[in-house]
Amino acid sequence: MIDDIINDVKHRMEQAVSHANMELNKVRTGRANPDMFNSLVVDYYGSMTPLNQVSTISVPEPRLITLTPYEKTLIPIIEKAIMDANMGFTPGNNGTAVLIPIPPLSEERRQELNKFVHQLVEDGRVAVRNVRRDGIHRLHDLEKDGHVSEDIIKDNEAEIQKITDENIDKLNCLQNDKEKEILEV
């Protein structure tokens, strides 16, 4: 019973960290990163389809992303989707692929992105703390029901806190790495 609670806490915290990491990967830095387009969808024969399912995304140069659609008729649709997403890119094409040059970030934009990264990571920390609170609450419910002694509850509270601290540290590392990436010139 207690092991189920601990395993659930671990799993949910890992999911929170993983989600924060996915969101951070979408944040644009000065370098070309194909993950920035993972959340982009295009109208493919009437249904909204993820960009990575209708094209190949590659990074031939550090400041260029190439999207090669499986059908050439998708080129203008992909260009429009990128413009509509307001990502700060101006796509072009060479007849077979969409070319997206990655312009360098201005200092002001770097500061905005840093604030955004802080917010994403803070959301992740809040999620981890909410899982901790929920896990500890479930432990205390077991104690109230008389199933488990107070000492065992305290030991498992300490275990949950240790797991929480590890996941907060992971989030802090993700934040530091992303900030370094953003501030690179």
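This briefing walks through helix packing, salt bridges and aromatic pairs in the structure above. The model is predicted, so local features need pLDDT of at least 70 and side-chain atom pairs count only at pLDDT 80 or more, while totals for chains, interfaces and linings use all residues. Residues are numbered from 1 along each chain as its sequence is written, and side-chain values use heavy atoms, with hydrogens and water left out.

- Helix α4 has 38 residues and reaches 55 Å from its first C-alpha to its last, close to the 56 Å expected at 1.5 Å a residue (the expected span is 1.5 Å times one less than the number of residues; helices are DSSP runs of H or I with at least four residues, strands are runs of E with at least two, and both are numbered from the N terminus).
- The axes of α4 and α5 come within 10 Å and cross at roughly 170 degrees (axes are lines fitted to C-alpha atoms, for helices over the stretch in contact, with angles from 0 to 180 degrees between N-to-C directions).
- D145 sits in the loop between α4 (107–144) and α5 (150–183), and at 55% relative accessibility it counts as exposed (exposed is over 50% relative accessible area, buried under 20%, partly exposed in between, with a 1.4 Å probe and protein chains only).

**Salt bridges**

- The whole structure holds 8 salt bridges (a side-chain nitrogen of Lys or Arg within 4 Å of a carboxyl oxygen of Asp or Glu).
- R12 and D134 meet in one of them, at 2.7 Å from N to O; R12 lies in helix α1 and D134 in helix α4, so the pair ties together parts 122 residues apart in sequence.
- A network of salt bridges links D8, R12, D134 and R138.
- K80 pairs with D84, with the closest N and O atoms 2.7 Å apart, and the two residues are 4 apart in helix α3, about one helical turn.

**Aromatic pairs**

- There are 2 aromatic pairs (rings of Phe, Tyr and Trp, the last by its six-membered ring, with centres within 6.5 Å; planes under 30 degrees apart count as stacked, over 60 as edge-to-face and the rest as tilted).
- The ring centres of F37 and F89 are 5.8 Å apart with planes at 40 degrees, so this pair is tilted; both F37 and F89 are buried.
- The rings of Y44 and Y45 have centres 4.8 Å apart and planes at 65 degrees, so this pair is edge-to-face.
- Y44 is partly exposed at 25% relative accessibility, whereas Y45 is exposed at 67%.
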